[in-house]
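Dear colleague,

Please find the structure we spoke about just below, with the sequence alongside. Could you look through it with the notes that come after?

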Amino acid sequence: HLFSIIMSDWTECLKFGINLTKQTSEIILNAFKQQKQVHLKSSQADLVTETDLRVETILKSAIRDKYPVHRFIGEESVAAGECVELTDSPTWIIDPIDGTANFVHRFPFVAISIAFTVNKQVKAPMEFGIVYSCVEDKLFYAQKGRGAFLNGEPLNASGQEVDISRCVVVTEIGAERDDLALSTMTSNIFRLLRIPVHGVRALGTAAVDMCQVATGGADAYYHIGMHCWDIAASSIIVQEAGGVVMDTDGSPFDMMSRRVIAASSTAVANRISQVIQAFPCRRDDEDQCRCICGGKGVNSV
Ligand code: LIP
C-alpha cells in the first residue's frame, strides 16, 4: 500500500473523481428549481439542504467502494460531528454544494468541490482539485505539475503583476454575522474600493470565486472565515494556472487557517495582504471533533 502511494501520480483517482462529479451533479440540477427544506448550521446564513447531505453521501460511498482505504473530510460530515483530521492517508476533501445559499435561492452559481491530498500536506498544493460549477456546466480541474483546465482548455491567471488599481478583486461576505466579522469584512471592501480597484465581486461560492483567478477574469480573491472544503480544490487550480495562494497575513497558504488570498502574482497577493484585515476564526483542525450542527431551525424557501 505504501509503495502504491509513493508510485502513484493519482491520475486514475482524478479521472474517477471527474466522472463521479459529473454524474452526481445531476442530483443538484434536478433539485435546483424545486422548493427546498432549509436547515441552519452555525448561523442564520449558514444553510444546508437534503441535497447537500445526499450528494456528500453518494460521493463518499462511491469513492469508498473504489478506494476502501482512502479517507474523507466532508463539509456535512463535519457538521454532523466528524473530525477534521488530515492523516498520511490519501484524503478526499469534499464540499457537496459550495454555494448552498445560491442553490436555495436559485442564484446560478453552485459547485461540487473535491480536493485530493496525501501525507498531511496542509500547506503544500493538493494532488488534484475538481470544481464543477454545474448550472454553468463549467468543469475546472488541475493536477499537481500538470496545469489547470476549464472544460479541457488550459487556464492562465491574468499575469497582473503590480498595479492593484487595475485589479478586479473577488471576495465573500461569508456566513459569519457577528459585528466584528461584519465590520472587518465591510471595511476591507471599503479600503479596496478607495484605492480604487477596478471592481469588487462576489458570486456566493468560494470555490467558483477562486477559479475566476485561474481564468484571468479576476486578478485576486480573498476570504476570511471559509473552511478547507471551500478552497482546497480551487487552491491547486489557481496555482496550476500560474497564480499564487497565501494566508491573508502574508504567511504560506494553510488550508486549515480559514484565511486565504489567491492572486495572479505574489506582488498582487502581498498588496492585498497589506490592505485587508482578518478577524479571529478557530482553525478547521483545532479541537478536532466539534459539532457545529446546533439544530437551530428549519425553514422553507
Ligand atoms: C459557502 C461558501 C461561500 C462563503 C460561505 C460558505 P457552502 O460554502 O462557499 O462563498 O461565503 O462562508 O462557506 O456552505 O455553501 O458550502
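This is a predicted model: local features need pLDDT of at least 70, side-chain atom pairs count only at pLDDT 80 or more; totals for chains, interfaces and linings use all residues.

To begin with the overall layout, the domain assignment of the chain gives domain 1 as residues 2–154 and domain 2 as residues 164–275. The C-alpha centres of these two domains lie 20 Å apart, and the contact draws on 44 residues from domain 1 and 27 residues from domain 2. Between them, domain 1 and domain 2 bury about 2,500 Å², of which 72% is on carbon and sulfur atoms.

Turning to the helices, α2 (residues 11–32) packs with α3 (residues 50–66) at an angle of about 155°, and their axes are 10 Å apart. Because angles over 145 degrees count as roughly antiparallel, α2 and α3 are described as roughly antiparallel to each other. The crossing in which α2 passes α3 is right-handed. On the α2 side the contact is made by Glu12, Phe16, Leu20, Thr24, Ile27, Ile28 and Ala31, which meet Thr51, Arg54, Val55, Ile58, Leu59, Ala62, Ile63 and Lys66 of α3. Sorted by type, the residues of this contact are 10 nonpolar, two polar and three charged.

The second pair is α7 (residues 206–215) and α8 (residues 228–240), which pack at an angle of about 10° with their axes 8 Å apart. With angles under 35 degrees counted as roughly parallel, α7 and α8 are therefore roughly parallel to each other. Here Ala206, Ala207, Met210, Cys211, Val213 and Ala214 in α7 meet Asp230, Ile231, Ser234, Ser235, Ile237 and Val238 in α8, and the residues of the contact divide into nine nonpolar, two polar and one charged.

Finally, there are two places in the backbone that I would point out. Most residues other than glycine have a negative phi, and most peptide bonds are trans. Arg106, in the loop between α5 (100–105) and β5 (111–117), has a phi near 65°, which is a positive value in a residue other than glycine. The peptide bond from Ile195 to Pro196 is cis, with omega near 0°, and Pro196 is found in the loop that runs between α6 (179–194) and β11 (199–201).

Definitions and conventions: Residues are numbered from 1 along each chain as its sequence is written. Side-chain values use heavy atoms; hydrogens and water are left out. Axes are lines fitted to C-alpha atoms, for helices over the stretch in contact, and angles run from 0 to 180 degrees between N-to-C directions. Helices (H or I, at least four residues) and strands (E, at least two) are DSSP runs, numbered from the N terminus. Angles under 35 degrees count as roughly parallel, over 145 as roughly antiparallel, 65 to 115 as roughly perpendicular and the rest as oblique. A crossing is left-handed if the near helix is turned anticlockwise from the far one by less than a right angle, and right-handed if clockwise. Contact means heavy atoms within 4.5 Å. Ala, Val, Leu, Ile, Met, Phe, Trp, Tyr, Cys and Pro count as nonpolar, Asp, Glu, Lys and Arg as charged, and the others, Gly among them, as polar. Domain bounds come from an automatic or database domain assignment. Buried area is the accessible area (1.4 Å probe) that two parts lose on being put together, summed over both.
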